[in-house]
Each structure stands twice: as structure tokens, then as C-alpha cells.
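Here's a quick briefing to read alongside the sequence and the 3D view. Have both open and follow along as we go.

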Amino acid sequence: MSKAAPITAKRFKGITIPRKSHPAIRKVTRQSDAPTLHGNKFWNSSCLLIDYLHRNPPEHCSSVIDVGCGWGLGGIWCAKKLGAQVTSTDADPNVFPYLQAAAALNGVSTHHRVARFERLSKRELSAFDMLIAADICFWDDLVDPVFNMINRAVKAGVKQILVADPERAPFFEVAQRSMDRHCAELVEWETSGSIDASGAILVIHNA
Ligand SMILES: C[S@@+](CC[C@H](N)C(=O)[O-])C[C@H]1O[C@@H](n2cnc3c(N)ncnc32)[C@H](O)[C@@H]1O
């Protein structure tokens, strides 16, 4: 009997998620410098976010910014399933070759740009209907930059802001401040389907 081919990708909510062993990802790993700020894989919180958006289709999503995008799964899903124009931003330029490989596997592309949370101005954020993020608040010293970026996004008129997280302590600090200042909701979430993920999603409706 012939051996089954190894599984190098999964399907989740209509997109293909390559594993590190996928030939397209292995090629990037061979040719590029490694990401340095934890943008070294798809984190499960991006599946939380996708599952939430799948079950709660957003009203305003023609232009989407994915901040701290890493390999960019959330933005790839929005481009493919919502037909959104997506800008993927990250502090670490080394994530983008991975994002481009994953986007190509899904037949979409996103604009990408190196930008720290601290550097995204109100003017730049005003170009977007929706801001998404997954697992971007993993150190205590990210609380202020992430919360201040959320404040600028609200002031800029971004209509929906969603931050998914595996429930790390710094995220809860951002969530509490956002509930106090912006009437944000904190939603417990669990995925259904081929990938198991659970955590919380900070949701701000600003329309
Ligand atoms: C845990 S990874 C999550 C990546 C992606 N959102 C996902 O769910 O797969 C965190 C990402 O945040 C980025 N990051 C860390 N600090 C940042 C900052 N100050 N500004 C922008 N991006 C940052 C990292 O480079 C990394 O890609």
C-alpha cells in the first residue's frame, strides 16, 4: 500500500492555511530572514477572528487594515471572502514574504507596509472601514501602544475594530480600558470546524 502524502495545509472557513511544511512556505524560509517579533507562524487567534467574522458578517468592510498582521491570515480571509481591499501592516518586514506566499495560495493579494502600532496616524487610519488584529498584545509594554492605536482608530472614524486574543493578561488590560472609554464589548469565542481555537474578541462598533 502506498504511503499517504503528508498534510501541508488545512482548509478553514473557505481559505487554505499552509503549514510550515508546505512547499511554498519552506521556499520562503530558505530564501528569507526569519521574523523576529513572534510573526513566525499563523497564530490561532487569527482563526478566532475569522470564525467570528464568518458568523457575524461586518456591515462596513470595503477597506480593512490588519495590524500586527504576521503571516496575514485575517486580512487574506477578508480579501477572499468579503472582497475587501486589505492593507496588512507589521513592525517586522520579515513577515511579508510569508504573507505573500499564503495570499498567493488563496488567489488574493493585500497591500503591505511596515508600520508599528505607534506610527499609525489618525489620518492614515481614517482610510479604513474596519481594523482587525489577532494576538498583538502579548507583552506588558504593548498595552499603551495598542490602546493608543485603538483610540486613534475610533477618533478616525474606523467603523468596526476587532482584536482577537488567546486571553493574555496585557490584552485584558487593553480590553478593560476600551470598555471604559469606548463601550467596547468583550466576547468569549470558540471556533467551529477544522481548527480548534478559543479566546476572546474585543469588539468596538463605531458607526
Ligand atoms: C503573535 S504575532 C500574531 C501575528 C498574526 N496577527 C497572527 O495572528 O498570526 C504578533 C505580531 O505582531 C507584530 N508586532 C509586534 N510588535 C509590534 C508593533 N509595535 N507594531 C506592529 N506590529 C508589531 C509582530 O511582528 C508579529 O507579527
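Helix 7 covers residues 169–182, so to speak a run of 14 residues, and reaches 20 Å from its first C-alpha to its last, close to the 20 Å expected at 1.5 Å a residue. Keep in mind that this is a predicted model. The notes below start with that helix, then move on to a pair of strands and the ligand.

**Helix 7: the buried side**
- Phe 171, Val 174, Ala 175 and Ser 178 are the buried residues of helix 7.
- They sit on the same side of helix 7 because they cover an arc of only 100° around the axis.
- What do the buried residues of helix 7 pack against? Their partners are helix 6 (143–156), plus strand 7 (160–165), strand 8 (185–190) and strand 9 (198–205).

- Why does Asp 180 count as exposed? Asp 180 has 9 other C-beta atoms within 10 Å, and the cut-off for exposed is 12 or fewer.
- Asp 180 and Leu 82 are 98 residues apart in sequence, and their C-alpha atoms are 31 Å apart in space.
- Phe 172 also belongs to helix 7, but this one is partly exposed, because 16 other C-beta atoms lie within 10 Å and that count falls between the limits of 12 for exposed and 20 for buried.
- Phe 172 and Cys 137 are 35 residues apart along the chain, with 9.0 Å between their C-alpha atoms.
- Just after helix 7 comes Cys 183, which takes a positive phi of about 55°.

**Strands 3 and 4**
- Strand 4 (residues 85–90) is mostly covered, with five of its six residues buried.
- Strand 3 (residues 63–67) runs parallel to strand 4, and five bridges join the two.
- Which residue of strand 4 is the bridge partner of Ile 65? That would be Thr 87.

**Around the ligand**
- There are 23 residues around the ligand, and Leu 37, Gly 39, Gly 68, Gly 70 and Ala 134 come nearest.
- Sorted by class, the shell around the ligand has 13 nonpolar residues, six polar ones and four charged ones.

Terms used. Residues numbered from 1 in each chain as written. Predicted model: local features only at pLDDT ≥ 70, side-chain atom pairs only at ≥ 80, totals over all residues. Near = placed C-beta within 6 Å. Nonpolar A, V, L, I, M, F, W, Y, C, P; charged D, E, K, R; others polar. Helix = DSSP H or I, 4+ residues; strand = E, 2+ residues; numbered from the N terminus. Expected span 1.5 Å × (residues − 1). Arc of directions from axis to C-beta. Contact = placed C-beta atoms within 7 Å. Pairing = 2+ DSSP bridges.
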